[in-house]
Amino acid sequence: MIHSRRLVALAALMLLALSSGMAAASPPKSKTAAAVPAAPPPPPFEPLPPPKVYLFRGAMGPIFSTGMDRLGEKLTQAGFSADVYEFTLCRLIGNRVIASYKEKAAPIVLIGHSMGGLCSIVISEMAAKENIPISLVIAIDPAHATGDVPLNVERFINIFLSDSVLGGGDVVAASGFRGHYASYDLKENARVSHINIEKSDDIHRQIVEMVTQLPRIPPQIQADAVPLRYLVPADTLVELWDSGVRVPVRRGDTMESIAAANRVPLWTLAQSNSLPENAQLTPGQTIIVPRHLTPPEPAAAMATPPAVPATSRK
């Protein structure tokens, strides 16, 4: 009896040792989270076809809107389809713009001086009814009667003189507009008048650069575009910013350091944010900073023309 009990105990010990060895040989089971499939990368951005540019003169255009012809020549030399028209043909050309887009879609750029600026908005409204986007509209001292920027315009720039009788159109965006918007009032610049505002070689250069870059850049998120409205200081070159973007303030940031880091004049931050140039900033607040389609050359942002004695407008 005792011998049997010993055999049973010995068997139990052998079974316990065997099970312990098997447990040691087996790797511990770990709890792993279910694998989440990675989101597919966005498709690479394909550059758009070259824009088609339509330019419009104002009243008595062959005499007073010759800057549109010069700009058209520069755009043509840069390799773009750029045609100049009288504003009186506005709706006729608008129908051609729509028909051309339906035949072969390409970015549409509309640029107009005086009544030509009004025409650019009229054609944008015509295109909106056909669900056709307008990539860029530039109005140069448009007429007072110019309507609001419709929702199908992706980028709008207004360069004007608010005290101009012949132009002076302070064009605003329609309610619900989510594109890029920038407005520049040049009334402080005594050298600029309604009949020479469209002839600026510097503005022409920037417009050609914008048209060149337009099909090459991925679409920017329009939800973050902040409208810009500036009263440009006297004797200051106009920089054609695309729109504004909100930048968070970090510890130690000042108005001057943010302006320098983003290569923009200090006065733009002051006006965009309704703050004095020496305003004290708090970490966590946001500052509206103007932005370009593409970054400018390092020296361009602060460039100003040589000072000249103020003269009365002609």
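How many cavities of 30 Å³ or more does the count come to? The count comes to one. The legends below take this cavity, a helix and several salt bridges in turn. The model is predicted.

**View 1. The largest cavity and its lining.** The volume of the largest cavity is about 40 Å³. Its lining is made up of Lys-52, Tyr-54, Val-97, Ser-100, Tyr-101, Lys-104, Ala-106 and Ile-108. Helix α4 gives the largest share, three residues. By class, five lining residues are nonpolar, one is polar and two are charged.

**View 2. Helix α6 and what covers it.** Helix α6 has 13 residues, 201-213. At 1.5 Å a residue, α6 should span 18 Å, and its end C-alpha atoms are 18 Å apart, so the two values agree. Which residues of α6 are buried? They are Ile-203, His-204, Gln-206, Ile-207, Val-208, Met-210 and Val-211. The cover over these buried residues includes helix α3 (66-77) and the strands β1 (52-57), β3 (108-113), β4 (136-140) and β5 (155-160).

**View 3. Arg-57 and Asp-69.** Side chains of opposite charge can pair when their charged atoms come close. In the model, the count comes to 13 salt bridges. One of them joins Asp-69 to Arg-57, with the closest N and O atoms 2.7 Å apart. Asp-69 sits in helix α3 and Arg-57 in strand β1, so this pair links distant parts of the chain, 12 residues apart. Arg-57 is buried because its relative accessible area, 13%, is under 20%. Asp-69, at 24%, counts as partly exposed. Arg-57 and Asp-69 also belong to a network of salt bridges with Glu-86.

**View 4. Lys-102 and Glu-130.** These two residues form a salt bridge, with the closest N and O atoms 2.9 Å apart. Lys-102 lies in helix α4, while Glu-130 lies in the loop between α5 (115-129) and β4, so the pair ties together parts 28 residues apart in sequence. Is Lys-102 buried or exposed? At 56% relative accessibility, Lys-102 counts as exposed. Glu-130, at 38%, counts as partly exposed.

**View 5. Asp-170 and Arg-229.** The side chains of Asp-170 and Arg-229 meet in a salt bridge, 2.8 Å from N to O. The pair links distant parts of the chain, 59 residues apart. Asp-170 is in the loop between β5 and β6 (180-185), and Arg-229 is in strand β7 (228-231). Asp-170 is partly exposed, with a relative accessible area of 39%. Arg-229 is partly exposed too, at 41%.

Conventions:
Residues numbered from 1 in each chain as written. Predicted model: local features only at pLDDT ≥ 70, side-chain atom pairs only at ≥ 80, totals over all residues. Heavy atoms only, no water. Helix = DSSP H or I, 4+ residues; strand = E, 2+ residues; numbered from the N terminus. Expected span 1.5 Å × (residues − 1). Buried < 20%, exposed > 50% of the residue type's maximum accessible area, 1.4 Å probe, protein only. Contact = heavy atoms within 4.5 Å. 1 Å grid on protein atoms, 1.4 Å probe; cavity = no way out; pocket = protein on both sides within 12 Å on 5 of 7 lines; lining within 4 Å. Points joined across faces, edges and corners; volume = space filled by probe spheres on them. Nonpolar A, V, L, I, M, F, W, Y, C, P; charged D, E, K, R; others polar. Salt bridge = Lys/Arg side-chain N within 4 Å of Asp/Glu carboxyl O.
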